[in-house]
Amino acid sequence: MEIVQLVGGTLRDLLIEEVKFLYGVSDQVEEVERDLKTIHCFLKDVDARPNRYDLTTIRNHAAELKDVAVRAEIVLEKYAIDATSERQDDITLKEKLKRYVCILCECFNMYPVGKETKAIRSYVAELADSMKSMCTSTGEGSLSNTSANSEDLLRQRYAHEVEQHFVGMEKDIEHLVSLVKLDNDERSVISICGMGGLGKTTLARKIYHHKDMQASFEARAWVCISQQFRPETVLQEVLMQILLEEKESIKNITNLRELVMKLYHVQKQKKCFVVMDDIWERNHWEILKPAFPITEANSRLLLTTRNENIASQQLILHKLDFLTEDQGWELLKKVALPEVYSSQGQCVCVCVCV
Ligand SMILES: Nc1ncnc2c1ncn2[C@@H]1O[C@H](COP(=O)(O)OP(=O)(O)OP(=O)(O)O)[C@@H](O)[C@H]1O
Ligand SMILES: [Mg+2]
């Protein structure tokens with residue numbers, strides 16, 4: 001009897017311990033489940049947008065995460081099978097005794113689950129930490145600092161691109177060229193603003209290549225800002241175009257402060273014309289602004305943006321209008337019938353025939 005009581009007591013204690021242990025495991029299992037969801041989201045993003053994750057380290061991490069996700073799934077399956085098959089509430093006394101005896105086996109079965117779960121948890125935490133620090137070091141919260149995503153690359157507009165079928169905008173060009181050429185105007189930053197596709201970049205390019213611009217400035221630079229904003233890259237690009245002779249050494253300057261100071265001083269000494277195409281956010285402009293000696297130099301900056309909020313007292317806002325109906329027709333004809341339109345006389349003939 002005493003032995004039975006003793007064994008019973010021991011078993012009861014064991015049961016309490018076992019329950020604690022199982023609860024511990026179930027908490028851990030829930031955490032693993034949460035981690036698993038995060039991992040799945042991350043892996044889905046890697047598959048959907050591989051360009052964003054092309055750092056070798058990220059790829060290694062992705063491979064490790066895939067492994068750990070499989071391990072976690074196995075643990076969850078084992079936990080589900082063990083926990084459901086062994087736990088029943090409405091059992092008889094005889095079955096309870098039997099259950100006590102089984103507890104030892106159950107503890108034994110669940111132990112590896114708990115151990116593996118713990119190992120997975122710490123492994124995932126380690127990976128998450130290292131990925132977090134990698135994201136921070138890009139300064140962007142993005143997972144890649146070496147390549148822009150394809151949307152950004154498609155949006156890149158270059159100074160040398162030629163507008164084949166340009167129409168209208170004569171007044172805008174005339175007005176902006178006179179503003180850019182003005183000497184000693186305190187508001188040396190001009191912003192072309194308007195909705196997407198209106199022709200801001202096309203107009204900026206016309207100004208950039210205008211014959212008067214080439215004669216009025218000692219140096220020019222054209223830079224396209226992307227949504228994945230990297231101020232260091234933007235300033236480096238501007239500097240490399242303005243100071244062609246220092247191109248190699250500029251590549252080595254990666255500190256934002258240093259780049260800002262260098263560009264600021266260069267523009268004070270040299271009369272520069274800079275175009276920054278496609279600024280997305282006011283904050284982006286605020287970060288770049290200190291590099292431009294707005295009130296203390298003859299250098300000029302032309303911005304294009306969809307965002308009207310990127311404006312300050314020191315900035316001249318040039319709102320772009322739609323093409324007129326006639327200009328729209330002219331553009332349509334040029335695009336739809338390019339060969340015919342090149343000869344004015346023939347165009348009329350074809351239009352009449354149509
Ligand atoms: N005056 C114009 N004559 C002929 N084509 C034009 C004219 N303005 C714009 N386009 C054409 O319209 C398209 C969009 O122009 P653009 O890229 O300059 O727009 P945007 O305002 O800079 O747009 P986003 O805000 O997306 O940068 C281009 O293909 C361009 O060739
Ligand atoms: Mg544009």
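**Exercise 1. The largest cavity**

How many residues of the lining of the largest cavity are nonpolar, how many polar and how many charged?

Solution. The lining of the largest cavity divides into 5 nonpolar, 3 polar and 1 charged residues. Here Ala, Val, Leu, Ile, Met, Phe, Trp, Tyr, Cys and Pro count as nonpolar, Asp, Glu, Lys and Arg as charged, and the others, Gly among them, as polar.

Before going on, note the ground rules. This is a predicted model, in which local features need pLDDT of at least 70 and side-chain atom pairs count only at pLDDT 80 or more, while totals for chains, interfaces and linings use all residues. Residues are numbered from 1 along each chain as its sequence is written, chains are lettered from A and ligands numbered from 1 in the order in which they are written, and side-chain values use heavy atoms, with hydrogens and water left out.

Step 1: the lining consists of S188, V189, Q267, F292, P293, I294, S299, R300 and L301. A cavity is a set of points, on a 1 Å grid over the protein atoms alone, where a 1.4 Å probe fits but cannot get out, and lining residues have an atom within 4 Å of a point.

Step 2: the volume is about 50 Å³, taken as the space filled by probe spheres set on points joined across faces, edges and corners. A search of the whole structure finds 1 cavity of 30 Å³ or more.

**Exercise 2. Q267**

Take Q267, one of the lining residues, and describe its surroundings.

Solution. Step 1: Q267 belongs to helix α10. Helices (H or I, at least four residues) and strands (E, at least two) are DSSP runs, numbered from the N terminus.

Step 1: with a relative accessible area of 1%, Q267 is buried (buried is under 20%, exposed over 50%, partly exposed in between, with a 1.4 Å probe and protein chains only).

Step 2: beyond four places in sequence, Q267 touches C272, V274, A291, F292, P293, A297 and S299, where contact means heavy atoms within 4.5 Å.

Step 3: a polar atom of the Q267 side chain lies 3.0 Å from the backbone oxygen of A291. This is a polar contact: a pair of N or O atoms within 3.5 Å, where within protein one must be able to donate a hydrogen and the other to accept it, and residues adjacent in sequence count only if both atoms are side-chain atoms.

Step 4: I294 is 27 residues from Q267 along the chain, and their C-alpha atoms are 9.7 Å apart.

**Exercise 3. K271**

Is K271 buried or exposed, and what does its side chain reach?

Solution. Step 1: K271 sits in the loop between α10 (256-269) and β3 (272-279).

Step 1: its relative accessible area is 17%, so K271 counts as buried.

Step 2: the side chain of K271 reaches the backbone oxygen of S216 at 3.4 Å.

Step 3: outside its sequence neighbours up to four places away, K271 touches D183, S216, F217, E218, A219, N298 and S299.

**Exercise 4. Positive phi**

What is the phi of M169, and what is that of D278?

Solution. Step 1: recall that most residues other than glycine have a negative phi.

Step 1: M169 has a positive phi near 65 degrees. M169 lies in the loop between α4 (150-155) and α5 (170-181) and is buried at 9% relative accessibility.

Step 2: D278, not a glycine, has a positive phi of about 75 degrees. D278 is in strand β3 and is buried at 5%.

Definitions and conventions:
1 Å grid on protein atoms, 1.4 Å probe; cavity = no way out; pocket = protein on both sides within 12 Å on 5 of 7 lines; lining within 4 Å.
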